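Please walk through this protein with me, one packing region at a time. Keep the sequence and the 3D view open side by side.

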Amino acid sequence: MIQDDDGRLIIGKGVRLNPYKPRPSIHREYLTENEIRNSTDQDLILDTESYPNLFLAGFKIGSKYCHLQDSFDPFQLCWMLMSYRSVGFNSINYDLPMLWASYVNRDPAFLKEVSDALIFGNERPEEIAKKFNFKIYPLQPRQHIDLINVCPLKGSLKLYGARLHAPRIQELPYPDTKYLEEDEKQIVTQYNCNDLDLTQIIKDFCKERIALREALSIEYSEDLMSKSDAQMAEVVIPKEVAKLNKRYSKRPTIEAGTVYKYSCPHYLQYYTPSLQNLLTKVKRANFIVQANGKIALPDELKTAVKVGNGIYRLGIGGLHSSEECVGYITNNEYKLIDRDMVSYYPNILINLGLYPVALGPNFLIVFKGFKAERVVAKRNKNFTKDKGLKIFINGMSGKLSNVWSKMYSPDLTIQMTVTGQLTLLMLIEMLECNGIQVISANTDGIVIYCKREDEEKLAYWIKYFESLTGFETEETLYRSYYARDVNNYFAVKENVVKIDEGVKVKGAWSEVGSQSGTKLDNNPINLICSDAIKALLHSGIPIEETILKCKDITRFVAVRNVKGGAHKSGEYLGKVIRWVYCKNTYGTINYITTNNKVADTEGAKPFQDLPDTFPFDEIDYDWYINKTREILYDIGYYKKPVQMDFF
């Protein structure tokens with residue numbers, strides 16, 4: 001960063017930012033020595049900051065804070081780490097090594113060197129510790145939780161905090177290369193407190209995921225506290241298979257350029273020429289392992305096929321239909337029926353007897369055992385066992401294409417994903433050839449618009465399909481279905497009284513993601529618009545009524561991750577930005593690197609700090625009402641006017 005004559009930062013293409021403006025202070029209480037020694041709270045939240053002339057170790061127990069800096073007592077640090085269960089974010093790769101480095105040397109310049117090595121180097125923390133002559137001491141099993149993997153997908157601390165509507169989203173106030181003045185050190189200390197708050201918010205939201213990991217860690221004698229769902233499957237499944245194999249498996253090595261062919265299951269057959277031709281092409285296709293270990297999509301799958309009135313596209317990720325701006329309503333003549341495959345990909349492996357090359361056939365014994373145990377756990381309402389086994393069963397799928405996994409088997413990825421698509425196409429063909437319309441298909445399920453007089457016929461073909469393939473389907477009845485496309489839709493369920501439970505929302509307007517079904521998966525984007533549409537479709541409530549009555553500011557915010565950071569009129573906002581559309585607000589939020597506009601930010605007022613009271617006078621209600629109407633046009637609820645050409 002460069003400063004101009006006025007002390008403003010010059011970043012990227014001449015963008016000038018105003019000097020950092022301290023945020024309004026938040027009242028915080030700090031721990032006494034006695035409270036640290038005798039707290040009944042189990043968890044110690046931790047986070048560190050490193051500058052050339054400041055090292056700060058921040059902690060939070062309950063609602064109070066503690067900071068160690070300069071010449072602190074290293075034995076106090078050691079006692080805290082050994083006496084509490086500690087919780088951090090990206091702490092295994094950064095904060096814990098920094099804390100153990102400060103245990104032997106508290107010189108900020110030394111610790112800044114360690115920090116830079118951890119952030120910018122390509123070495124593991126243990127190698128860096130050896131280079132800088134300190135030791136990363138092991139904690140007791142289950143004594144530390146790194147939330148970065150417990151959270152679904154990959155996101156930053158600030159992004160997860162914004163998704164959970166944290167009161168304050170704040171980036172590092174000064175570049176970490178800056179020599180800080182005394183007042184600036186205090187600002188960094190307050191920033192550290194906010195990071196501790198974010199970590200605690202995320203930890204509290206993940207309490208069920210943490211409890212699950214603790215129970216599974218005890219049951220399988222492994223420390224799973226800081227592992228993702230897929231990583232837990234990676235640990236437990238090979239370990240259970242090793243008990244049967246009498247040996248531990250090694251990660252397989254499969255050379256780039258290896259060619260696989262698709263092996264067609266015995267039941268798979270088509271009756272229409274277009275699908276017969278597709279199957280012939282897929283059988284001939286070469287599935288080639290790339291340098292990154294993944295399978296390239298062959299040209300034979302880069303295609304679309306028509307079945308009935310629907311156009312379906314294949315790919316390594318799954319089958320997708322191609323509808324746009326469609327709406328369907330249940331009436332006296334038609335029913336709307338969703339049919340989902342139960343545990344589709346895991347059942348493909350079991351039904352076809354497929355197993356990872358390094359684990360061998362005993363994988364199927366373990367895998368089937370997990371599935372049978374889960375059925376019992378679900379019946380007995382054993383939440384922990386049910387969720388844990390579901391994680392093992394579903395988390396395994398992603399590891400088949402992970403070159404670093406013991407379960408790496410690119411041939412199984414082909415068999416699983418291609419079989420899933422072709423089998424779903426077989427069901428669609430069965431129904432369409434018998435006069436039953438399929439209006440949507442996505443990876444492991446279809447939506448059917450069925451004449452009521454054809455219900456018995458539909459039941460017959462579903463049962464025939466299940467008996468032929470060995471797969472099971474689940475039925476959900478819809479009152480209405482409105483879609484912008486296959487990945488973005490509203491579906492109103494039959495006979496469900498509560499609005500939130502009765503309307504399924506997928507895609508851009510959903511509050512939860514498709515991976516784990518939590519708020520951590522998706523950025524909130526004008527959720528009040530989705531709320532208004534759900535109320536309209538479910539209960540006939542006018543959209544204006546829902547929007548104007550809402551007093552929850554978090555339903556009006558939009559959150560976005562901006563590469564390189566963003567600013568509004570020279571005020572630095574950070575890489576994670578949050579805004580609300582407000583009256584008398586002009587201009588846009590812009591990228592720091594290019595000064596280009598961040599999409600959809602005309603009239604956006606930054607809300608990095610959420611207000612204590614609802615800002616009735618500021619909200620641009622007309623913007624949200626008009627946006628909701630746009631979405632209703634996009635999903636086919638309103639019919640777009642026909643464009644007329646005049647000559």
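From helix α2, Pro74, Phe75, Leu77, Cys78, Leu81 and Met82 meet Leu96, Leu99, Trp100, Ser102 and Tyr103 of helix α3. Contact here means heavy atoms within 4.5 Å. Helices are DSSP runs of H or I with at least four residues, strands are runs of E with at least two, and both are numbered from the N terminus. This is a predicted model, in which local features need pLDDT of at least 70 and side-chain atom pairs count only at pLDDT 80 or more, while totals for chains, interfaces and linings use all residues. Residues are numbered from 1 along each chain as its sequence is written, and side-chain values use heavy atoms, with hydrogens and water left out.

By class, the α2 contact with α3 has 10 nonpolar residues, one polar and no charged. Nonpolar covers Ala, Val, Leu, Ile, Met, Phe, Trp, Tyr, Cys and Pro; charged covers Asp, Glu, Lys and Arg; the others, Gly among them, are polar. How do the axes of α2 and α3 cross? Helix α2 spans residues 74-83 and helix α3 residues 91-104; their axes come within 9 Å and cross at roughly 145°. Axes are lines fitted to C-alpha atoms, for helices over the stretch in contact, and angles run from 0 to 180 degrees between N-to-C directions. The crossing of α2 past α3 is left-handed, that is, the near helix is turned anticlockwise from the far one by less than a right angle.

Next comes helix α4, residues 108-120, which holds Ser115. Is Ser115 buried or exposed? Ser115 counts as buried because its relative accessibility is 2%. Buried means under 20% relative accessible area, exposed over 50%, and partly exposed in between (1.4 Å probe, protein chains only). Leaving aside neighbours within four places in sequence, Ser115 is in contact with Ser50, Tyr94 and Met98.

Now the strands. Strand β6 (residues 54-61) pairs antiparallel with β7 over six bridges. Two strands pair if DSSP finds at least two bridges between them. Leu56 has Gln69 in β7 as its bridge partner. β6 and β7 form a hairpin with two residues between them, and Gly62 in the turn has a positive phi of about 65°. Strand β7 (residues 64-69) also pairs with strand β4 (residues 29-30), in the parallel sense, over two bridges. There, Tyr30 has Tyr65 as its bridge partner.

Further along, three strands form an open antiparallel sheet in the order β12-β13-β14. β12 (304-307) and β14 (320-321) each have a single partner strand, so one side of each is left without a neighbour in the sheet. Four bridges join β12 to strand β13 (residues 310-313), and Lys306 has Ile311 in β13 as its bridge partner. Helix α15 packs on this sheet, touching β12 and β13, and its direction makes about 30° with that of β12.

Finally, the core. The largest nonpolar core has 74 residues, and Phe392, Leu422 and Leu425 have the most contacts inside it. Such a core is a set of buried Ala, Val, Leu, Ile, Met, Phe, Trp, Tyr and Cys residues joined through side-chain atoms within 4.5 Å. Helix α15 (residues 410-433) gives the most to this core, with 12 residues. Apart from this core lies another, of 40 residues, including Ile543 and Trp579. Beyond four places in sequence, Leu425 touches residues including Tyr270, Val305, Val307 and Tyr312.
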